[in-house]
Amino acid sequence: MNPSYSVSPIGFVRSCFKEKFAIPRQPQLAPAARGVLELVAPFDQGEAVQGLEQVSHVWLLFLFHQALEDKPRLKVRPPRLGGNQSVGVFATRATHRPNGMGQSVVKLEKVEAGRLWLSGIDLLDGTPVLDIKPYVPYADVVADASNHMAAAAPALIPVQWADAALVQAREHALRLDEPLVELIDQCLAQDPRPAYQVPAPERVYGAQFWDLDVRWHYPQAGLIRVLEVVLASD
């Protein structure tokens with residue numbers, strides 16, 4: 001038997017992450033990363049989320065909508081292994097999935113009819129969500145679990161700020177009413193560049209957070225310096 005099934009999104013995420021680069025590679029690594037899950041009919045009614053206010057975290061099942069592929073991959077090169085070593089797709093959480101599905105556990109900040117306010121997200125803006133499940137600590141925490149490929153969170157690197165960039169970030173944080181400095185710090189400290197890449201000090205990297213372009217460089221190995229935080233160009 002080879003049955004096929006169709007699924008439809010129950011909502012879409014409005015996220016601080018407008019592009020894939022610099023998104024944390026796992027949820028909860030950047031607590032300041034926030035967004036809103038906007039539910040679609042018929043799930044945008046209060047009945048669908050009744051009782052969810054008793055839950056601190058939820059699992060989101062979603063689609064990697066910008067990484068969908070017609071031909072399944074059997075092996076992938078996860079960033080955790082430097083991007084050069086291949087392992088079986090089912091041994092990783094790589095975005096290149098057989099059915100393009102991902103899962104993230106995120107903090108539930110507020111519940112409204114038709115909207116869930118989230119933090120600690122690792123989801124691209126516009127991500128289609130297929131289902132929501134409450135996090136159940138006694139069942140979802142496995143005390144003796146192990147993963148030898150990813151035994152601990154990635155080591156963080158220092159993030160410094162140019163004086164002007166910090167002023168810019170603080171001004172935009174007030175405008176957005178978002179913890180922007182913390183968001184940039186938390187995301188860049190995980191070093192979003194490919195691990196096999198050795199950046200020259202003169203090379204400038206960039207990513208979009210909310211409606212802003214953030215640019216930085218590596219003045220020396222293992223150090224990031226934020227250069228500017230400006231409104232994104234159309």
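Visitor: Which residue takes a positive phi in the hairpin of strand 11 and strand 12?
Guide: Gly222 does, with phi near 75°, in a hairpin that has two residues between the strands. Strands here are DSSP runs of E with at least two residues, helices are runs of H or I with at least four, and both are numbered from the N terminus. This is a predicted model, in which local features need pLDDT of at least 70 and side-chain atom pairs count only at pLDDT 80 or more, while totals for chains, interfaces and linings use all residues. Residues are numbered from 1 along each chain as its sequence is written, and side-chain values use heavy atoms, with hydrogens and water left out.

Visitor: How many bridges join strand 11 to strand 12?
Guide: First the general idea: strands of a sheet pair through backbone hydrogen bonds, either parallel or antiparallel. Two strands count as paired if DSSP finds at least two bridges between them. Strand 11 (residues 212-220) and strand 12 run antiparallel and are joined by seven bridges; Gln220 has Leu223 as its bridge partner in strand 12. Strand 12 (residues 223-231) also runs parallel to strand 9 (residues 159-161), with three bridges between them.

Visitor: In what order do the six strands close into a barrel?
Guide: Follow 1-2-7-6-3-8, with antiparallel pairing. From one strand to the next, the twist averages 45°, taken between axes that are lines fitted to C-alpha atoms (for helices over the stretch in contact), with angles running from 0 to 180 degrees between N-to-C directions. Phe12 has Glu38 as its bridge partner in strand 2.

Visitor: Which side chain meets Glu38 in a salt bridge?
Guide: A salt bridge is a side-chain nitrogen of Lys or Arg within 4 Å of a carboxyl oxygen of Asp or Glu. Glu38 meets Arg14 in this way, at 3.2 Å from N to O. The pair links distant parts of the chain, as Arg14 is in strand 1 and Glu38 in strand 2, 24 residues apart. A network of salt bridges links Arg14, Glu38 and Arg115. The whole structure has eleven salt bridges. Among them is that of Arg175 with Asp211, whose closest N and O atoms are 3.0 Å apart. Here too distant parts are linked: Arg175 lies in helix 3, and Asp211 in the loop between strand 10 and strand 11, 36 residues apart.

Visitor: Is Thr127 buried or exposed?
Guide: Buried means under 20% relative accessible area, exposed means over 50%, and partly exposed lies in between (1.4 Å probe, protein chains only). Thr127 counts as buried because its relative accessibility is 3%. Its place is the loop between strand 7 (115-119) and strand 8 (128-134). Contact means heavy atoms within 4.5 Å, and leaving out residues up to four places away in sequence, Thr127 touches Gly11, Phe12, Val13, Phe62, Leu63 and His65. For contrast, Glu171 in helix 3 (residues 163-176) is exposed, with a relative accessible area of 53%.

Visitor: Which residues of helix 4 are buried?
Guide: In helix 4 (residues 180-188), they are Leu180, Val181, Leu183, Ile184, Cys187 and Leu188. They cover an arc of only 165° around the axis, so they sit on the same side of helix 4; the arc is that of the directions from the helix axis to the C-beta atoms. Their cover includes strand 9, helix 3, strand 10 (204-209), strand 11 and strand 12.

Visitor: What is the phi of Asp191?
Guide: Asp191 has a positive phi, near 55°, in a residue other than glycine. Look for Asp191 in the loop between helix 4 and strand 10, where it is buried at a relative accessible area of 13%. Trp210 is not a glycine either, yet has a positive phi of about 50°. Trp210 lies in the loop between strand 10 and strand 11 and is buried, with a relative accessible area of 14%.

Visitor: Where is the cis peptide bond at Pro42?
Guide: The bond runs from Ala41 to Pro42, with omega near 5°. You will find Pro42 in the loop between strand 2 and helix 1 (46-49).
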